[in-house]
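Let us take a walk through this structure together, residue by residue. Please keep the sequence and the 3D view open as you read.

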Amino acid sequence: QREPALAIFRVCVLKLSLTGAAIMMKLLIVASAASAWSLGVKGTLPKLNNRALQSTQQRQQQVVATAPASATALKATEVTGGAKAEDGLMETLKTGSFFALWYLFNIGYNIYNKKALNVLPMPWTLATLQLFAGIPYVLLLWSTGARKTPKLTQDNLKTLFPVACGHLGTHIGAVISLGAGAVSFTHIVKASEPVVSAALSAVMLGAFYSPITYLTLLPIVGGVALASLKELSFTWLGFGAAMLSNVSSALRGILAKKTMGGGVGENMNETNLYAVMTIMAFAVLLPVSLLVETPKAVGAAINTAVAAGTSKKDLAILSALSGAYYYLYNEVAFLALGRVNPVTHAVGNTIKRVVIIIASVIAFNTPISRLGVIGSSIAITGTLLYSLAKNKYG
């Protein structure tokens, strides 16, 4: 029973690397739909959808015309309460779908990114290409009117620049770490991100939680570490780059939360905020990348990869798909970030690492150890304990 189940799971994961352009088109459509879905949703305060609001208004008018004043008030309250309950359920489903898409796109990114780094060990160049990949996509949405074009002043850009630098540090740190070691090692180190996020939230936002709530972060980190223990391969470069990614990601999340709440510029919802940050990060990284990995060095690395049996076409496909998945997973992650607090977002990010590790083990045909299963279970249990402790103790 174990072998057939493992085979079925492996097939499901490997479909990400077998369908190519057709899958990417479908994912782009899903992402566009999710983005359009979110256009009418504020960062933290959900509002009634138009259909529910119109239905509520019509029914209230009907009640007013046919019932006594006291009964009218009662029924109007019931109608409004029902609409709010329905709307609350829809908001919960939206948030859940954003997290599910975030996990799916992240699996695709990690698989294609690792394959690209294995054949072309140029992390700065690949990171730059991945930042660029989403720019034509978002420019197309803006030019066709599918998404409202952001309007920013020079002061707005200055405000967003630190957030963009946090975004850049998160990305380049992760890519360098993945290139320097195993996927599991990178995600073990990055599993400490909830702790970093909680500490920075306390310092920068003044958001403090109960000591019991903070303690429940420990099994999450420990569980992910156990799940990855068999693949552990330590390098100082990989460790330092992953920690840079941790700190940058926590800062990006906190600063983005402040930016979304403050209303910088016009038409700046979560997806447009991420798009603007990506363009700014690309502009900063491009000259640095050309200095660190010169065109001559990149050309030599490509020739080495071709000599080893990887065609230029395959290199281009791997780079393009890793970039497309990268943009999609980050865009959806920002949609999720706009609906939860930074620590909850960081916890979801930690559990996502368990899913990525399992998916990468299957995709690269690596056996899953019993310790990995135990570690994953501990991490998931830790998330449940965190939710319960936060609700009870704050």
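What follows is a short tour of a few residues and their surroundings. Please bear in mind that this is a predicted model.

Is His167 buried or exposed? Its relative accessibility is 0%, and buried means under 20%, so His167 counts as buried. If you look around this side chain, you will find a polar contact of 3.0 Å between the side chains of His167 and Arg252. Arg252 is one of several partners: setting aside neighbours within four places in sequence, His167 also touches Leu131, Tyr274, Met277, Thr278, Ala281, Tyr326 and Asn330.

One of those contacts, Tyr274, leads us to the aromatic rings. How many aromatic pairs does a search of the whole structure find? The search finds 11 aromatic pairs. In one of them, the rings of Tyr274 and Tyr327 have centres 4.9 Å apart and planes at 45°. Planes under 30 degrees apart would count as stacked and those over 60 as edge-to-face, so this pair is tilted. The pair links distant parts of the chain, with Tyr274 in helix 12 and Tyr327 in helix 14 (residues 312-337), 53 residues apart. Both partners are buried: Tyr274 has a relative accessible area of 0%, and Tyr327 has a relative accessibility of 2%.

Aromatic rings also come together elsewhere in the sequence. Ring pairs link Phe99, Trp102 and Tyr103 into a cluster. Tyr103 in turn is touched by Val355, which also contacts Ile107, when residues up to four places away in sequence are not counted. Val355 belongs to helix 15, residues 342-363. How far apart are Val355 and Ile107 in sequence and in space? They are separated by 248 residues in sequence, while their C-alpha atoms are 7.7 Å apart. With a relative accessible area of 30%, Val355 falls between the 20% and 50% cut-offs and is therefore partly exposed.

Our last stop is a loop. Asn267 is found between helix 11 (236-262) and helix 12 (270-292). Its backbone deserves a look: most residues other than glycine have a negative phi. Asn267, although not a glycine, has a positive phi of about 60°. Asn267 counts as partly exposed because its relative accessibility is 31%. From this loop you can follow the chain into helix 12, the helix that holds Tyr274.

Key:
Residues numbered from 1 in each chain as written. Predicted model: local features only at pLDDT ≥ 70, side-chain atom pairs only at ≥ 80, totals over all residues. Heavy atoms only, no water. Helix = DSSP H or I, 4+ residues; strand = E, 2+ residues; numbered from the N terminus. Buried < 20%, exposed > 50% of the residue type's maximum accessible area, 1.4 Å probe, protein only. Contact = heavy atoms within 4.5 Å. Polar contact = N/O pair within 3.5 Å; in protein donor to acceptor, adjacent residues only side chain to side chain. Phe/Tyr/Trp six-rings, centres within 6.5 Å; stacked < 30°, edge-to-face > 60°.
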